[in-house]
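Please look through the sequence and the model before reading on. The report then takes up one topic under each heading.

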Amino acid sequence: MPLLEVEGLSVSFGGLHALQDIRFAVAEGAIHGLIGPNGAGKTTAFNCITRLQTPTAGAIRFGGKDLLKVAPHQVVRLGIARTFQNLELCRNQSVLENVMLGLYHRVRAPHLTYPLFLPAARRAEEASRQEALALLERVGCWEYAQAPVAGLPYGVLKRVEFARALACKPRLLLLDEPAAGVTSGERSALVQLIREARDSGITVLMVEHDISLVMSLCDQITVLDFGRVIADGTPDEVQNDPAVIAAYLGLEEEVDGHASVG
Amino acid sequence: MRRYLWPAVGFGLAAALPFVITGSYRHNIMALMLVYAIAAVGLNLLVGIAGQISMGHGAFMLIGGYTSAILTLKAGLPLWLSIPAAGVAAALVGFVLGLPALRLHGHFLALATLSFGVAIPQIAMKWGSVTGGAMGLSPKGFASDRIAYWTVLGVLALLVWVADNLLRSRPGRALRAVRDSEVVALSMGISLVWAKTSIFALSAFFAGVAGALGTHLAGFINPTDYNMLISFQLLATVVVGGLGSIPGSIAGAVLVTFLPFAFSRSKGWASTIEGLAIIGIVIFLPYGLASLVQKLRGVRRRAAS
């Protein structure tokens, strides 16, 4: 049974169909790519899976469980964590505090121990701190632990957000354009981190525009265009699919056409 | 233990102050400043840390004041029981109000809390059999104004410690996440309803305790004591002190409570000067009195280099 199943998912905003009857399945242990031109509906699909967006129709199952019956803040407890297309970090907090936020749902003491800072709360805080520091070391940002987020380079912040997602201890990790806006050196570091995450047993679903990265990293790829699934398969299958070539290269054909007319 | 050093010095000096500044009337005003400091620290948790707003926090002071007055007058409770009970009563009302109100954002939340702040004094006025109506209630006061000052100072120290414990640990991270990005908060497993409602209730607890202390300090409460003006003054205090800063809120409360007394001789001009002073601070210190320390450090560093 696949870990994540999306079936007949549709989202409309007024008369605009952002997603129309899309279906795909993510196998446990895979790195699954979700690609398509701008506005194809990739982020909308992500927002449905994390319950930030309620679909007009369709079903999403995670580990056999109906995700649409789960409240948005409970999604992470089931084992789904995500990163964001445009970094979503608390800018005035330190890097460490941001990563510790990822531990919110699982490293905790009873609520009333915090105002009085009782031993249980102190232990939970210390455990969070140590685990967050270990994660920062893993993503190579240990030296920034105490630095405020505002003012740090984009590539560092991408890794901090990745560490925060790992802190959630997810079974499924959703990455929204992990390589966008980073230098080529940082890009290979991120690729390495994604591979390590998969090797540690985390299933990855990623949206990414960098096609060569997707082709080299993903086991399975779903291609969206104008809110519909136009192809689904291994990188080789997808690469040679005429519908995909048309969606991606349509523009260039047009340019060629213009050239020949001229 | 280093986190306790400066607060200990500050509270120690404040405790010695009645020996330097003498006189019952002055001690009464000093205690009043700290009463508003308690309410301001509580409101700051809501506004500065969690990014929500309350335009009617005076109403929670009123609820706390009446609760403690009634408990001491009619049930004969001692102050050390009636004051925390006043906080709990305000917190319960805050919880019940917050549950629906905090689903609203921005202007709508402001309006909902504003109506609350208007409604509670009206209810206190009409519900004469319990509240004494416009005549108010006269519960017993403290043994002396100096003892009142020390009591309020002790309560402030305790509540500042509680607030600081929250802010430096898991609940503080959750509240700041709610303020900075609700999407992140949700993705990290934070229930927005729970986070907002519980901080609203805690903030009401602070206001309720402050209202109770203020009531016993005056030895009197009536429906106009904690009205809309007080709600606005509290909000101004938090902004003037610096959003999110506990020492800032205390400094803000001391300043905002002191101003009317400082200018009380300039007949009719007191509130004008007070208003101008607040506008001046907001313009020249947009991050409040709390940023004054950093600013002065910066000036000294520039002068040194």
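## The model

This is a predicted model, in which local features need pLDDT of at least 70, side-chain atom pairs count only at pLDDT 80 or more, and totals for chains, interfaces and linings use all residues. Residues are numbered from 1 along each chain as its sequence is written, while chains are lettered from A and ligands numbered from 1 in the order in which they are written.

The model has an ipTM of 0.89 and a pTM of 0.91. For chain B the mean pLDDT is 92, and 99% of its residues reach 70 or more; pLDDT is the predictor's confidence in each residue, from 0 to 100.

## Two domains in chain A

Chain A is assigned domain 1 (1–79 + 170–262) and domain 2 (88–168); such bounds come from an automatic or database domain assignment. Taken over C-alpha atoms, the centres of these two domains of chain A are 28 Å apart.

In chain A, 13 residues of domain 1 are in contact with ten residues of domain 2. Contact here means that the C-beta atoms of two residues, placed from the backbone, lie within 7 Å. On the side of domain 1 that touches domain 2, helix 2 (75–78) and helix 6 of chain A each supply at least two residues, and helix 6 of chain A gives the largest share, five residues. Helices (H or I, at least four residues) and strands (E, at least two) are DSSP runs, numbered from the N terminus.

## Where the chains meet

The contact between the chains takes 25 residues from chain A and 20 residues from chain B. Helix 7 (145–167), helix 8 (170–180) and helix 9 (182–187) of chain B are the elements that give two or more residues to the chain B side. Of these, helix 8 of chain B has the largest share, with seven residues.

## The nonpolar core

Which residues have the most contacts inside the largest nonpolar core? They are V99(A), V35(B), I38(B) and A39(B), in a core of 172 residues. Such a core is a set of buried Ala, Val, Leu, Ile, Met, Phe, Trp, Tyr and Cys residues joined through C-beta atoms within 7 Å. Helix 2 (residues 24–49) of chain B provides the largest share of this core, 16 residues. Domain 1 and domain 2 of chain A both give residues to this core, so it lies between them.

Leaving aside neighbours within four places in sequence, V35(B) is in contact with V152(B), A210(B), L213(B), G214(B) and L217(B).

## Strands of chain A

Four strands of chain A form an open sheet in the order 2-1-4-5, with antiparallel pairing. Strand 2 (16–26) and strand 5 (65–66) of chain A are the edge strands, each pairing on one side only. Two strands pair if DSSP finds at least two bridges between them. Strand 1 (residues 4–13) and strand 4 (residues 57–62) of chain A are joined by five bridges, and V6(A) stands opposite I60(A).

Strand 9 (residues 220–225) and strand 10 (residues 228–233) of chain A also run antiparallel, over five bridges. These two strands of chain A form a hairpin with two residues between them.

## Two positive phi angles

In the turn of that hairpin, F226(A) has a positive phi of about 50 degrees. F226(A) is partly exposed, with 15 other C-beta atoms within 10 Å. A residue is buried if 20 or more other C-beta atoms, placed from the backbone, lie within 10 Å of its own, exposed if 12 or fewer, and partly exposed in between.

E177(A) has a positive phi of about 55 degrees although it is not a glycine. The loop that holds E177(A) lies between strand 7 (172–176) and helix 6 (184–199) of chain A. E177(A) is partly exposed, with 19 other C-beta atoms within 10 Å.
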